[in-house]
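Please read the points below with the model open beside you.

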Amino acid sequence: MTGLAEQLIALGFRCLDDFVCQDDSDGRGPYIREWKSDQLCPFPEAVRAPILTPPPSDSPPFFDPAADGSGQ
Amino acid sequence: MAKKISQLVAASAAAAANEYEINEAGTSKKVTGAQVATYVRSAGAAFSANKNGTNQTGIAASTFTKLTFGTKAFDNGAAFDNTTNHRWTPPAGRVRMSATAQMSTGVVVGSVYAIALYKNSSLWKSNSIYATVAGDVYLSVTALDNANGTDFYEVFVLGAGAGTKDIVGNANATWFDGEQV
């Protein structure tokens, strides 16, 4: 069976330029890590939400209105 | 600011020039330079991991695929996860990592093959080649970083060209090392 990336390439999309496929070797198989093309992704179900990592400890904190003493 | 060096084994007496006196909790002790060097080496986190001869097969073409490393030659600091996530999470400080992989199947002349270090699940450092002959390709990457204590590092490979690829499992062909420097 042809892999996900190969199917995209067969449709004319270019690896790394138009999409980034990834397999985390966790048994879930390949998925589209990043879709870069201006065209719609032909396999939207294969697009997995980006992995969110906590910001670096030295990054500015998010604005918290509740903690803001300016009123409103 | 004074810092305490603990867990040093005190020499019984200062008998040579290459010995130093330290004071621990008011008690004067002597240690040798060799003891200090041994302590410093063992205190730093370092690991070496490999696949213990098991090939990683069926890697999809044009897909960044995480390499698994189920065997550890050593793991000072117990910071390498060789069972679930196959990643190194070193203590805070400067670290250097190296990874090498041999891809043995699905190598297509003119296609790109890459190895990458991922930091916190994102591509961080990579190295790539174009295959000039069919057969095996040998990929390697080395990088230096200043880890914050929660940063983690993984190895991914990518092989273009049609067909699935295999990674050779021999410990001398595919491995992942890291150390504090």
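1. A residue is called buried when its relative accessible area is under 20%, exposed when that area is over 50%, and partly exposed in between, using a 1.4 Å probe and protein chains only. This is a predicted model, in which local features need pLDDT of at least 70 and side-chain atom pairs count only at pLDDT 80 or more, while totals for chains, interfaces and linings use all residues. Residues are numbered from 1 along each chain as its sequence is written, chains are lettered from A and ligands numbered from 1 in the order in which they are written, and side-chain values use heavy atoms, with hydrogens and water left out.

2. Chain A holds one helix and two strands, and from the N terminus on these elements follow the order α-β-β; helices (H or I, at least four residues) and strands (E, at least two) are DSSP runs, numbered from the N terminus. Of the 72 residues in chain A, 29% are buried.

3. Where the chains meet, 18 residues of chain B are in contact with 16 residues of chain A, contact meaning heavy atoms within 4.5 Å. The area buried between them is about 1,200 Å², with carbon and sulfur atoms giving 57% of that area; buried area here is the accessible area (1.4 Å probe) that two parts lose on being put together, summed over both.

4. How many salt bridges are counted between chain B and chain A? The count is zero, where a salt bridge is a side-chain nitrogen of Lys or Arg within 4 Å of a carboxyl oxygen of Asp or Glu.

5. Strand S1 (residues 19-23) of chain A pairs with S5(B) in the parallel sense over three bridges, and two strands are said to pair if DSSP finds at least two bridges between them. Within this pairing, B:Phe64 in S5(B) is the bridge partner of A:Gln22.

6. Over all chains, a search of the whole structure finds eight salt bridges. One of them joins the side chains of B:Asp75 and B:Lys72 (2.8 Å, N to O); B:Asp75 counts as buried because its relative accessibility is 16%, whereas B:Lys72, at 31%, counts as partly exposed.

7. Another salt bridge joins the side chains of B:Glu154 and B:Arg87 (3.2 Å, N to O). This pair links distant parts of the chain, with B:Glu154 in strand S13 and B:Arg87 in strand S8 (residues 87-88) of chain B, 67 residues apart. Both B:Glu154 and B:Arg87 are buried.
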